[in-house]
Amino acid sequence: MKKLSKYIEFATTLLKQAVQERRFRYSNTTLKYMYQPCKGSNRLLVVFSACTRPGIPARYNYMRTLKDVPVNRLFILDDFGEDHRGGYYLGAYPDFEMEKATKALIDKFIARPEISKVCFGGSSKGGWAALNFGVQYAGRGLGAEIIAGAPQFWLGRYLNAPANMVTFRDIAAGHDHDEVTRVLDGYLLARIKQSVPDKAQTVFLHYFTEEHTYIDHIKYLLEALRKRECMLVEDVQSYKDHGEVSMYFPKFFVDSVKSLL
């Protein structure tokens, strides 16, 4: 049933995409996004797209999952790169213009008079992005909650895996392999360390200790977050394959957003 639900969500998303998708231009970067307003809500939920299997372009995620949650929803697609699987909302090294473009788009919606709170969510690649952008908005009185499912932490070594080398090459943009690996590996850790301490910010984190992402990434992420002033809500589930995140994360995602309302 969970797999059937995924197929239904994909088909529904394609239909909405044909009608609702818009483009945002920043310097040399054009982002695709969809915005779904919610009358009476003062909260913006920014949703990032997850990793896809090799050969499958990036998709918008969790549109059907979140359709009944009463918040304004901004879905940002990351389909950059040679195989259109994305550039981790960073873009090419060293300028990382896609990150700047994504932040400019988010700022555009936060500036709307009806918006006074923001939260960030996604799984896998989308979880990494939710953490990366979420900590940048800490300490502004916006809430800036983060809801992440099985995100990566050491991005350089993750993208050096054979299945992800196309993405790594797109981000590296011809620069020294070892240099780019070091920068990407330390990127999220540096963001967390540099962020403004904010006891009002909550990080909702979904993971499972037997899934490889925990051993390779999550335990280090937890260590970094526990050293920082923020609230941490953990959801530990029972699966061993990273691909199953999309089966278990959606309920946690919805419940976490609803807990903020």
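Where is the place of aspartate 79? Aspartate 79 is found in the loop between strand S4 and helix H2 (97-110); helices (H or I, at least four residues) and strands (E, at least two) are DSSP runs, numbered from the N terminus.

The structure is a predicted model, in which local features need pLDDT of at least 70, side-chain atom pairs count only at pLDDT 80 or more, and totals for chains, interfaces and linings use all residues. Residues are numbered from 1 along each chain as its sequence is written, and side-chain values use heavy atoms, with hydrogens and water left out.

Select strand S4, residues 72-77. Six of its six residues are buried, so the strand is largely enclosed by the rest of the structure; buried means under 20% relative accessible area (1.4 Å probe, protein chains only). Asn72, Leu74 and Ile76 cover one side, and Arg73, Phe75 and Leu77 the other, all of them buried.

Then show strand S3 (residues 43-48), paired with S4 in the parallel sense over five bridges. Valine 46 stands opposite leucine 74.

Finally, return to aspartate 79, which is buried at a relative accessible area of 14%. Its side chain forms a polar contact of 2.9 Å with that of lysine 32; such a contact is a pair of N or O atoms within 3.5 Å, and within protein one must be able to donate a hydrogen and the other to accept it, while residues adjacent in sequence count only if both atoms are side-chain atoms.

How values were computed
Buried < 20%, exposed > 50% of the residue type's maximum accessible area, 1.4 Å probe, protein only. Pairing = 2+ DSSP bridges.
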